[in-house]
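Trainee: I have a model open and would like to learn how to read it feature by feature. Can you walk me through it?

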Amino acid sequence: MSANLGIAQGSVCADNIGDTGADPFCSSTGILFPNCNLVNNDCTTSSEMGPNYGCLISQPFPAWYFLQIDENGLLGFTIRQTANADGTGMPLDVDFICYGPFDDPVTPCVSELTSASIVDCSFLSDFTETMTIPNAVSGEYYLVLITNYSQQPGFISFEQTVGSGSTDCSILDAFLGPNQNICGFTPVSLNGASDGAIRYEWSVFNEETMLFDTIAGETNPLYTVTVSGRYQILIEDIEGNTETDEVVITFNSPPVVENSPLDITLCELSSDTAEFDFTANTSLILGTQDPDQFVVTYYTSQLDAENKENSISEVYTTIAGEVFARIENVNLNSCYLTTSFNLLVNPSPNLSNSTYSYTICEISDGSQDQGTFVFSDVLGSLTNANGESVGLLANDELLSIYDFSITFHNSETDARNDENPITNGSQVAAGDIIFVRVENNQTSNPTACFNIDNIARIYIEIGQIPEANTEVPDLVQCAISLENQHVAFFDLTSNNTVISGSNNSPESQVIYYASLQDFENDLPIADTRAYSNISNPQTVIAVIIDPDSGCERSTSTSFDIQVEALPVLVNNEAFSGSVDVCVFADGIVQGITMIGEDIGAVDGQEYRYDWTPDNIDSDNDGNEDAIYFIDELLQEQVFNLVITRIASSGGGTDCSNAINPITSEPYKITLKPILGLVGVDYEVVEPSFSTTEYTIVAIPELPIGDLSDLEYALQSMSSSNFLEYQNSPVFTNVSAGDYKILVRNKKGCLPEATSERIRLIGFQKYFTPNGDGMHDTWNLINMENQIRTLIYIFDRNGRLLKQLIPGERGWDGTYNGKLLPSSEYWFRVEFNEPKNLNTTQSIFSGSFSLIR
């Protein structure tokens with residue numbers, strides 16, 4: 001059995017107006033249609049209220065069908081839902097309910113769809129359902145609701161699969177829906193598809209012949225309309241039954257907003273309202289569009305504009321807000337667009353007073369009680385009746401002074417009529433009255449928005465110019481720091497009295513300017529009591545202002561401010577840290593030691609030196625000497641210095657400094673006394689005879705000072721030469737012999753020290769008694785002073801060959817007058833360590849070689 005592919009489904013049981021009611025079903029063809037689902041926004045998501053849905057707990061995406069019984073008997077149907085039209089793809093859960101029997105398919109909707117009329121129902125979680133109508137009688141109608149429980153996109157097939165009964169396929173009808181009045185020219189797709197139809201024919205009504213003309217080649221159920229007209233479809237089913245339906249399609253030109261409407265700003269009439277005329281915006285919105293075909297109306301809300309409710313007139317009195325315009329085609333209310341614009345109501349200027357006073361300084365050319373009327377000065381210098389400074393606008397005025405145009409006039413009439421304004425810089429006299437007109441320049445019609453009910457008056461007063469003293473002393477200050485030797489803080493007000501003089505009010509105010517340019521631009525110095533200069537020297541401009549009139553003299557006076565650098569030593573590095581000073585045992589300094597500098601001798605200026613501890617005043621001038629001579633130093637001593645340059649630049653300002661620019665710390669030097677050496681001892685590291693190269697360590701005696709300041713030399717007693725001085729007190733690889741150690745201070749501190757004689761003893765490793773005068777005898781080395789020492793010589797068999805006393809000639813290699821052969825011989829000695837001759841004797845044995 002083949003199924004007819006449908007492209008629509010009934011979303012309600014019956015629809016007397018449109019085409020959304022139940023569709024007919026023919027059992028001989030069945031039907032296959034795309035389901036409604038979550039992805040399709042045009043679908044009805046849930047069934048209508050009213051019917052008893054029996055087992056269907058939910059009814060998502062309904063599809064209604066009706067069928068009429070042709071042959072009596074049982075009818076069995078299969079309902080299947082899958083992802084693909086051919087039954088393949090993902091299975092999708094589908095449910096159904098069947099109502100009947102009824103006399104027609106429309107009347108039962110929806111009151112007769114009760115539990116009593118339910119024939120079959122399934123809410124199983126299956127993609128294939130079986131529906132049965134038992135004992136059907138010819139002529140009966142049944143209604144079927146199929147729902148997409150899965151809510152996923154797919155296709156539903158509905159067909160009769162078993163039973164002797166059948167449906168009447170003559171119920172197929174053509175239905176193109178109601179006439180369509182279209183806004184715009186988007187093509188309209190007509191769907192004349194009907195279940196069971198086997199032929200379609202489209203035609204269009206000819207207004208001249210008053211007949212329908214067949215549209216050639218259009219034999220499909222779908223037809224796309226692009227031109228307004230009356231269209232008809234003819235359908236024929238398998239049994240030869242035919243039916244026609246027609247519909248009128250009308251395309252209407254859509255409106256456009258050719259020009260955006262403009263915001264309208266007006267001055268208030270009363271209570272923050274104004275009378276607005278929208279005529280100009282109507283012309284902007286319509287543009288070139290025919291006013292007989294399109295109409296523009298106005299509303300106070302977007303909702304009213306959408307619903308075409310509560311329109312307002314083109315001339316409308318209201319407060320500030322937003323107005324919504326609707327332009328529509330007169331032939332189709334639903335063919336419209338909306339736009340909007342703003343209405344702004346600017347208040348009339350709100351002035352702080354109706355009368356003001358303004359004091360103008362007298363012209364300096366000698367004109368008595370005359371002044372120059374300067375607009376920029378006026379607005380910042382008004383006073384009220386109490387003499388208090390006030391602004392032209394009231395404090396509750398929402399706009400700023402820059403939102404208004406202000407003109408001044410000689411009469412109230414001129415001010416009201418905006419005539420004969422006073423020019424900036426006009427000359428006025430004491431007692432003149434100036435009338436002020438204030439216009440709001442934020443409106444579309446600014447001339448209508450001015451202080452019409454409050455033309456203010458300004459009463460002119462002339463202030464006298466104070467006289468300033470032209471002879472003003474310069475100010476001199478010391479630099480604030482060594483890092484800023486050209487910067488200082490000046491109290492400019494110290495010249496106030498001099499500048500004001502005795503001819504002005506005691507309350508006169510002196511204004512200072514950092515430069516002539518600042519004076520011309522009226523940029524006064526803010527902090528006059530602690531002003532930091534910007535150049536050195538710097539000329540400061542000063543003027544006097546009268547405290548009552550605020551007037552200043554037309555010419556300025558001036559004086560210089562100058563910064564004196566802080567004094568420093570020439571050799572700052574020498575006056576820092578710690579210095580060692582050589583002293584004798586009684587603390588008297590060895591040689592001449594002095595600290596400090598006489599910098600006045602370098603630059604010719606006068607200085608004062610404050611020493612800690614105090615220095616002497618050798619010339620009795622009341623000041624300590626610049627140079628500090630150190631004669632005695634018993635212990636480590638810290639010296640501090642403060643330098644003062646006296647009467648700098650003749651201005652009477654003494655500049656003092658106690659900071660060393662090298663260290664950024666106070667001038668301070670520490671003197672440490674160092675004594676000369678008292679003596680030097682020594683230590684021989686190795687015992688006698690234990691080596692042929694000894695190590696000697698010097699042990700200096702230094703009461704005060706650092707051992708690192710010492711250096712050492714080793715001198716042989718058999719020679720006037722000695723090793724070079726070295727920093728280490730250790731001497732290595734020293735052979736047997738007599739030595740002394742010399743120690744001195746690197747800084748030259750006296751006295752130096754010399755050790756006692758150092759005896760290093762040893763023995764000859766070999767001798768050659770061949771009569772050549774070289775090594776002809778053997779003896780110990782450097783043992784001459786140990787007369788009690790005995791030396792015994794043996795052969796390898798232990799036979800005593802010779803007994804010697806140190807200092808004697810030595811052994812000549814004979815025994816009982818006979819020459820002994822070349823061989824190794826042994827000796828034994830009983831001796832005292834050279835540095836400790838009175839200690840117990842030690843014994844040492846060794847060997848030497850006789851070589852012939």
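Predicted model: local features only at pLDDT ≥ 70, side-chain atom pairs only at ≥ 80, totals over all residues.

Trainee: Disulfides, then. How many does a search of the whole structure find?

Mentor: The general idea is that a disulfide is a covalent bond between the sulfur atoms of two cysteines. Here a pair of cysteine sulfur atoms within 2.5 Å is called a disulfide, and the search turns up six. One of them joins C13 and C109, with the sulfur atoms 1.6 Å apart. The torsion about that S-S bond is about -50°, so this disulfide is left-handed.

Trainee: Where do C13 and C109 lie?

Mentor: C13 is in the loop between β1 (4–5) and β2 (23–24), and C109 is in the loop between β6 (95–102) and β7 (118–122), so the bond ties together parts 96 residues apart in sequence. Strands here are DSSP runs of E, at least two residues long, and helices are runs of H or I, at least four long, all numbered from the N terminus.

Trainee: Is C13 buried or exposed?

Mentor: Buried means under 20% relative accessible area, exposed means over 50%, and partly exposed is in between (1.4 Å probe, protein chains only). C13 has 2% relative accessibility, so C13 counts as buried.

Trainee: On to the helix. Which residues of α1 are buried?

Mentor: For a helix, check which way each side chain points. In α1 (residues 279–286), N281, T282, I285 and L286 are buried. Seen down the axis, those buried residues fall within an arc of 130°, so they line one face of the helix; the arc is taken from the directions from the helix axis to the C-beta atoms. On the other side, A280 and S283 are exposed.

Trainee: What do the buried residues of α1 pack against?

Mentor: They pack against β19 (264–267), β21 (294–299), β23 (321–329) and β24 (332–346). Contact means heavy atoms within 4.5 Å. After α1 comes G287, with a positive phi near 60°.

Trainee: And V589, what does that residue touch?

Mentor: V589 is in strand β39 and is buried, with a relative accessible area of 7%. Leaving out residues up to four places away in sequence, V589 touches V581, C582, V583, F584, I630, D631, E632 and L633.

Trainee: Last topic: how many salt bridges does the count come to?

Mentor: The rule is a side-chain nitrogen of Lys or Arg within 4 Å of a carboxyl oxygen of Asp or Glu, and the count comes to 16. Take K308 and E328, whose closest N and O atoms are 2.5 Å apart. K308 lies in the loop between α2 (302–307) and β22 (315–318) and E328 in strand β23, so they tie together parts 20 residues apart in sequence. K308 is partly exposed at 37%, whereas E328 is buried at 3%.

Trainee: What about a salt bridge within a helix?

Mentor: R416 and E412 meet in one, at 3.3 Å N to O. They are four residues apart in helix α4 (residues 412–417), which separates them by about one helical turn. R416 is partly exposed at 34%, and E412 is partly exposed at 28%.

How values were computed
Residues numbered from 1 in each chain as written. Heavy atoms only, no water.
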